[in-house]
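Biologist: Could you take me through this model, one feature at a time, and show how each answer is reached?

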Amino acid sequence: MCSSDLVLIVDDGAVTALHNGKSLLPAGVIAVSGEFERGDAVEVRTSDGRVIGRGLTAYAANDVRAIKGQQSDDIERILGFRGRSEVIHRDDLAVGV
């Protein structure tokens, strides 16, 4: 179950990518709401608050805050470790729910 206060807000480019079957990359995240850990279920919303999906995050909330808006290649430099390239991999994401 996903709590509605655990949210990733994404930009229009990410919305298009997600609807086309792509994973959510850090570059598409514009805001993070709530406190969550790696593997927790979060809602994915548009900038106007519309829920477009739900998924299991590969990063904790504070790590997503640090890498949001950045390129996947910069994750290791920013966080000090190399995690997944995706914040939510497509296999862990349900869009349109």
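The questions and answers below go from the sheet to the helices and then to some side chains.

Biologist: Before we start, what kind of model is this?

Modeller: Local features are described here where pLDDT is at least 70, and side-chain atom pairs count where it is 80 or more. Please read what follows with that in mind, for the model is predicted.

Biologist: Which strands are the edge strands of the sheet?

Modeller: The sheet is open and has five strands with mixed pairing, in the order β2-β1-β3-β4-β5. An edge strand pairs on one side only, and that applies to β2 (29-33) and β5. From one strand to the next the twist averages 20°, and the edge strands asked for are β2 and β5.

Biologist: In β4, which residue is the bridge partner of V44?

Modeller: Strand β3, residues 41-45, runs antiparallel to β4, and five bridges join them. Within β4, the bridge partner of V44 is G53.

Biologist: Within what arc do the buried residues of α1 fall, seen down its axis?

Modeller: Helix α1 covers residues 12-19, and A14, V15 and L18 are buried in it. Residues three or four places apart point the same way, because an α-helix has 3.6 residues a turn. The buried residues of α1 pack against β1 (7-10), β3, β4 and β5. They line one face of the helix, because seen down the axis of α1 they fall within an arc of 105°.

Biologist: At the start of α1, which residue's backbone nitrogen does a side-chain oxygen of D11 reach?

Modeller: After α1 comes G21, whose phi is positive, near 85°. At the start of α1, a side-chain oxygen of D11 comes to within 3.3 Å of a backbone nitrogen, that of G13.

Biologist: Does R65 count as buried or partly exposed?

Modeller: R65 lies in helix α2, and, leaving aside neighbours within four places in sequence, R65 is in contact with V32, S33, G34 and E35. Its C-alpha atom is separated by 19 Å from that of V51, although R65 and V51 are 14 residues apart along the chain. Buried would need a relative accessible area under 20%, and because R65 has 28%, this residue counts as partly exposed.

Biologist: How many residues apart in sequence are the parts tied together by the aromatic pair of Y59 and F81?

Modeller: The count comes to one aromatic pair, and Y59 and F81 form that pair, which is tilted, with 6.5 Å centre to centre and 35° between the planes. Y59 lies in the loop between β4 (51-56) and α2 (61-67), whereas F81 lies in the loop between α3 and β5, so the pair ties together parts that are 22 residues apart in sequence.

Biologist: What is the relative accessible area of E86?

Modeller: E86 is placed in the loop between α3 (75-79) and β5 (93-95). Not counting residues up to four places away in sequence, E86 touches S23, L24, L25, A58 and Y59. E86 is buried, because its relative accessible area is 17%.

Biologist: Which residue's backbone nitrogen does the side chain of H89 reach?

Modeller: H89 lies in the loop between α3 and β5, and, leaving aside neighbours within four places in sequence, H89 is in contact with S23 and R84. At 2.9 Å, the side chain of H89 reaches the backbone nitrogen of D91.

Key
Residues are numbered from 1 along each chain as its sequence is written. Side-chain values use heavy atoms; hydrogens and water are left out. Helices (H or I, at least four residues) and strands (E, at least two) are DSSP runs, numbered from the N terminus. Buried means under 20% relative accessible area, exposed over 50%, partly exposed in between (1.4 Å probe, protein chains only). Contact means heavy atoms within 4.5 Å. Rings of Phe, Tyr and Trp (its six-membered ring) pair if their centres lie within 6.5 Å; planes under 30 degrees apart count as stacked, over 60 as edge-to-face and the rest as tilted. Two strands pair if DSSP finds at least two bridges between them. Axes are lines fitted to C-alpha atoms, for helices over the stretch in contact, and angles run from 0 to 180 degrees between N-to-C directions. A polar contact is a pair of N or O atoms within 3.5 Å; within protein, one must be able to donate a hydrogen and the other to accept it, and residues adjacent in sequence count only if both atoms are side-chain atoms. The arc is that of the directions from the helix axis to the C-beta atoms.
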